[in-house]
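Biologist: Hi! Could you walk me through this one? I'd like to start with a charged residue and go from there.

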Amino acid sequence: MPIVKYPRTVEPLWIEWDRKAQKCGLRHTIYAVNRDHYTGEWLDNLKHGKGTQTWKSTGAIYNGDWKFGKRDGYGTYSIPDPVTKEYKKVYSGWWKNDKKCGYGIKFYSDMEYYEGEWSGGKRSGWGRMYYKDGSIYEGQWLEDQHSGQGMLRLTNENRYEGTWKDGKKHGLGKFFYLNKGQLFEGFWVADFPKCGTMIDFGREEAPTPTQYPIPKIELANPDDVLEEAQAMLDDSQE
């Protein structure tokens with residue numbers, strides 16, 4: 001019986017090339033068309049796991065965790081100094097869906113930085129901000145603004161403790177004028193005190209105290225006033 005031979009099926013080369021081009025697991029540096037490059041782990045052609053991304057246009061580097069093509073987990077973002085060309089850290093902390101989320105530290109300049117909680121790429125939650133003028137805010141944030149309970153300490157040691165809204169003093173709060181030995185406690189609206197009381201506070205230790213202390217306001221005959229009020233209350237109940 002004759003033997004029939006069939007020609008061997010040859011797989012097109014492009015299929016083999018495509019199979020080799022699929023990125024999964026740890027790979028060497030991969031360059032994009034714009035010359036951005038990434039070195040690290042992949043999953044189904046997406047950056048996934050540990051890896052380092054460099055952006056050619058800015059020279060910025062991200063080193064940390066990735067999840068399905070986006071920064072997700074813990075990582076550090078750095079940029080080169082325009083003068084020294086040395087890399088300086090801009091943000092170090094947690095990410096989610098390519099945005100800062102969770103606890104992290106961001107450096108705005110050599111003299112100004114924030115450490116605390118983030119959400120959706122903005123300061124939200126509890127955090128502490130060190131400003132370049134030397135003042136410090138510690139408290140609650142919402143969408144990059146002071147919001148909730150917080151304390152702002154100025155360079156002269158004066159401080160505000162209380163409620164904030166949209167980055168301004170708003171609600172009940174205390175302002176300690178330690179430089180002149182006074183304390184204001186009351187209600188604030190959009191950074192302005194609307195009503196409250198001012199008393200002497202640490203006036204003896206203040207570096208520049210007021211010329212005169214705040215006089216006490218007292219009733220001339222408190223017992224008579226109390227007796228009269230009690231009598232009016234008794235009459236109203238009869």
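Modeller: Happy to! Let's take Asp65, which is buried, with a relative accessible area of 15%. Keep in mind that this is a predicted model.

Biologist: Okay, and which residue does Asp65 form a salt bridge with?

Modeller: The partner of Asp65 is Lys50, and their closest N and O atoms are 2.6 Å apart. Asp65 belongs to strand 4 (residues 61–67) and Lys50 to strand 3 (residues 46–54), so this pair ties together parts that are 15 residues apart in sequence.

Biologist: Is Lys50 buried or exposed?

Modeller: Lys50 counts as exposed, at 52% relative accessibility. Asp65, by contrast, is buried.

Biologist: Why would two such side chains pair up at all?

Modeller: As a general point, side chains of opposite charge can pair when their charged atoms come close.

Biologist: How many salt bridges are there in the whole structure?

Modeller: A search of the whole structure turns up 10. Some of them join into a network, which links Glu115, Arg128 and Glu138.

Biologist: Nice, what are the distances there?

Modeller: Arg128 and Glu115 meet at 2.7 Å, N to O. Arg128 and Glu138 meet at 3.0 Å, N to O. Glu138 sits in strand 10 (residues 136–142) and Arg128 in strand 9, so that bridge ties together parts 10 residues apart in sequence.

Biologist: Changing topic: which residues have the most contacts inside the largest nonpolar core?

Modeller: Those are Tyr114, Tyr137, Trp141, Tyr160, Trp164 and Trp188, in a core of 17 residues. Strand 2 (37–43), strand 4, strand 6 (87–96), strand 8, strand 10, strand 12 and strand 14 (182–189) each supply at least two residues of this core.

Biologist: What does Tyr160 touch?

Modeller: Setting aside residues up to four places away in sequence, Tyr160 touches several residues, including Leu152, His170, Phe175 and Trp188.

Biologist: You mentioned strand 6. Which way do strand 6 and strand 7 run, parallel or antiparallel?

Modeller: They run antiparallel, and five bridges join strand 6 to strand 7 (residues 99–109). For example, Gly93 has Gly104 in strand 7 as its bridge partner. Their hairpin has two residues between the strands, and Asn97 there takes a positive phi near 55 degrees.

Biologist: And what comes after that?

Modeller: Strand 7 also pairs with strand 8 in the antiparallel sense, over seven bridges. One example is Phe107, whose bridge partner in strand 8 is Tyr113.

How values were computed. Residues numbered from 1 in each chain as written. Predicted model: local features only at pLDDT ≥ 70, side-chain atom pairs only at ≥ 80, totals over all residues. Heavy atoms only, no water. Salt bridge = Lys/Arg side-chain N within 4 Å of Asp/Glu carboxyl O. Helix = DSSP H or I, 4+ residues; strand = E, 2+ residues; numbered from the N terminus. Buried < 20%, exposed > 50% of the residue type's maximum accessible area, 1.4 Å probe, protein only. Core = buried A, V, L, I, M, F, W, Y, C linked by side-chain atoms within 4.5 Å. Contact = heavy atoms within 4.5 Å. Pairing = 2+ DSSP bridges.
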